[in-house]
Amino acid sequence: MRWTLLGAVAVLALMTSVVLGPAAVPLNELLRSDIVWSLRVPRALLAFLVGGSLGVAGAGLQALVRNPLADPFLLGLSGGAGLGAVLAIALHLPGPWGLPIAAFLGALAALGLVYRLGLIGGASLDPRILLLGGVAIGAFAAAITTAIVSLADAAELRNAFLWLWGGLSGASWDSVLLVALYAPIPLIVLLAASRPLDLLALGEESAGYLGAEVEAVKRRVYLAASLLTAVAVAVSGVIGFVGLVVPHIARLTWGHRHRALLPAAFLGGGALLAFADTLARTVVAPRELPVGVVTALIGVPVFAFLLKRWSIA
Amino acid sequence: MLRRLSVVVLVLFACHTSARRHDAAPAHRIVSLLPSFTEILFAIGAGDRVVGRTQWCDYPPAALAVPSVGEGLPPSVEAVAARHPDLVVLYKAGPNVTAAQQLERLGIRTVLIDLNRLEDLAPAARTLGRLTGLEQQAESLARAMDGFTSTNLHQPPPTSTIAFVVWDNPPIIIGHGSYLDQLAAQAGARNVFGDIAAPSAQVSLETIVARDPQWIAVFSDSGTPPAFAQRREWRAVRAVRERHFLLLPGSLFGRPGPRSSQAVRELRDRLEHDVGAQHAAPLHETPRR
């Protein structure tokens with residue numbers, strides 16, 4: 001029943017974002033319209049894939065660091081991606097894909113540094129150090145970014161910040177194809193780690209006694225979740241809130257079993273972002289809102305409502 | 001206590017000096033903190049009195065010989081004061097108000113001038129004329145500006161439509177409240193986003209596709225089409241597919257000033273002589289820098 005409902009919500013969100021838009025496309029011309037085929041459909045699909053990826057990455061990281069505040073961008077990736085993007089603009093990196101590639105590389109660099117810091121205490125990846133390292137690397141990258149912005153051509157770089165706040169304006173069949181080919185690998189890795197992630201909730205020691213290869217799982221989950229987030233940030237900037245709130249909402253309904261939680265977080269995250277993007281494009285048309293604003297405006301009340309119900313129960 | 005008293009005395013002294021300086025003689029050492037002001041000052045014959053400019057002040061060429069004090073918005077108060085000006089001209093905006101107060105406290109006369117649209121040009125020229133004692137020259141420039149804004153010199157080509165794209169991801173366009181919108185109207189073209197009241201706004205790509213402008217105008221000093229022209233999602237816009245770009249050098253088109261009429265003429269020429277012209281060629285203005 002809940003799966004049917006979630007599936008229906010996801011399909012509805014996708015359909016709405018194809019049917020609705022700032023440009024008036026009559027229903028009977030929907031299938032023939034260039035606006036729909038070359039802009040709306042790829043944008044809806046990209047929103048769904050990015051939202052789903054962020055949902056799963058958030059769920060995985062929350063389990064890994066055993067902290068409900070964990071968010072796919074908490075571990076320094078947004079700082080790294082931002083630095084990459086600002087560098088791309090400041091250095092006038094050529095080509096239509098210069099900025100996304102630079103952002104991706106920036107996120108990977110941050111990922112590598114945080115991972116290395118996480119291993120600082122020896123061979124075992126310490127979740128607490130991961131969190132602290134993520135915050136520190138993020139702050140460091142943000143400081144360099146601000147230094148570049150304050151020294152270089154101001155107007156151009158202010159626009160880099162706009163990009164960074166997230167949005168799906170760059171959606172095309174190219175970016176959809178890219179994410180559709182890339183994301184399944186880390187998604188499968190995370191899904192395959194469902195059982196050990198369940199055990200990890202009992203603490204690392206107990207998980208070890210119960211047969212989980214704790215160290216290997218921690219590394220796999222961290223790398224897969226981060227690689228997933230890195231591609232999301234490369235195609236759509238830092239879209240906040242989806243990766244934080246969706247896993248919690250999913251947990252309130254599907255419980256703590258990751259085998260069910262992760263797919264639910266994918267569908268929920270995808271539906272939320274597709275729906276939020278439809279609102280972003282239409283409510284103030286012909287203008288557009290940053291999608292991160294809308295995800296927060298929808299996500300927080302839903303979250304608060306569920307929290308209330310949950311605490312009463 | 002003593003310290004507090006000395007601060008009070010200092011402040012009183014500063015107030016006194018700045019008040020006295022306000023009805024002072026015409027300015028002879030001027031720091032201009034907006035490219036438009038620099039152009040006006042040179043146009044009314046006060047160019048030799050400009051002792052400081054921003055790094056963006058690149059016209060007329062003689063202005064480049066004047067030492068730069070940096071970005072200008074907000075200015076470095078120390079760098080400005082180091083030029084020993086008797087007048088600092090600032091653009092009227094939040095951070096500049098604070099800077100002006102700081103400069104006044106140092107005993108330097110300041111003036112904050114609004115200059116966002118064509119109709120602000122004549123008052124700005126008159127203010128600068130009064131402060132430099134060059135009222136006559138300023139008045140003739142102001143009249144020229146007023147005359148130019150109140151009359152449409154030529155019959156507009158009726159069908160030209162433009163979208164000014166200032167950023168591609170997210171797409172940010174120029175709305176009605178901006179100087180560029182006015183330039184387009186003067187040149188006889190219609191800004192397809194003229195219904196948006198703000199000077200600039202984020203829009204969806206599909207809105208640009210639906211409004212189907214004949215031209216996509218972008219700032220470009222190098223004369224090369226923008227990088228987004230190669231992105232697949234942008235190729236849904238007809239003008240991008242057909243490479244109908246207006247590449248506008250920022251120095252001429254990015255600011256209201258004495259050359260606004262020249263900017264309008266160039267824009268109109270370009271729109272009128274479109275047929276068969278090579279697309280995506282820069283407007284004839286030698287790129288500087």
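B:Glu71 is partly exposed, because 17 other C-beta atoms lie within 10 Å of its own; a buried residue would need 20 or more, and an exposed one 12 or fewer. Keep in mind that this is a predicted model. Where does B:Glu71 sit? It is in the loop between strand S2 (50-52) and helix H3 (77-81) of chain B. Now take B:Asp269: from B:Glu71 it is 198 residues away in sequence, and the two C-alpha atoms are 33 Å apart in space.

Next, chain A, and helix H4, residues 98-118. H4(A) has 21 residues, so at 1.5 Å a residue it should span 30 Å. The C-alpha atoms at its ends are 30 Å apart, which agrees. Several residues of H4(A) are buried, among them A:Leu99, A:Ala103, A:Phe104, A:Ala107 and A:Leu111. What do the buried residues of H4(A) pack against? Three helices of chain A: H3 (77-90), H5 (127-151) and H11 (214-236).

Last, the contact between the chains. Chain A puts in 27 residues and chain B puts in 22 residues. On the side of chain A that touches chain B, the elements giving two or more residues are helix H2 (34-65), helix H6 (154-164) and helix H7 (173-182). H2(A) has the largest share, with five residues. Sorted by class, that side of chain A has 13 nonpolar, eight polar and six charged residues.

Definitions and conventions
Residues numbered from 1 in each chain as written. Chains lettered and ligands numbered in written order. Predicted model: local features only at pLDDT ≥ 70, side-chain atom pairs only at ≥ 80, totals over all residues. Contact = placed C-beta atoms within 7 Å. Helix = DSSP H or I, 4+ residues; strand = E, 2+ residues; numbered from the N terminus. Nonpolar A, V, L, I, M, F, W, Y, C, P; charged D, E, K, R; others polar. Expected span 1.5 Å × (residues − 1).
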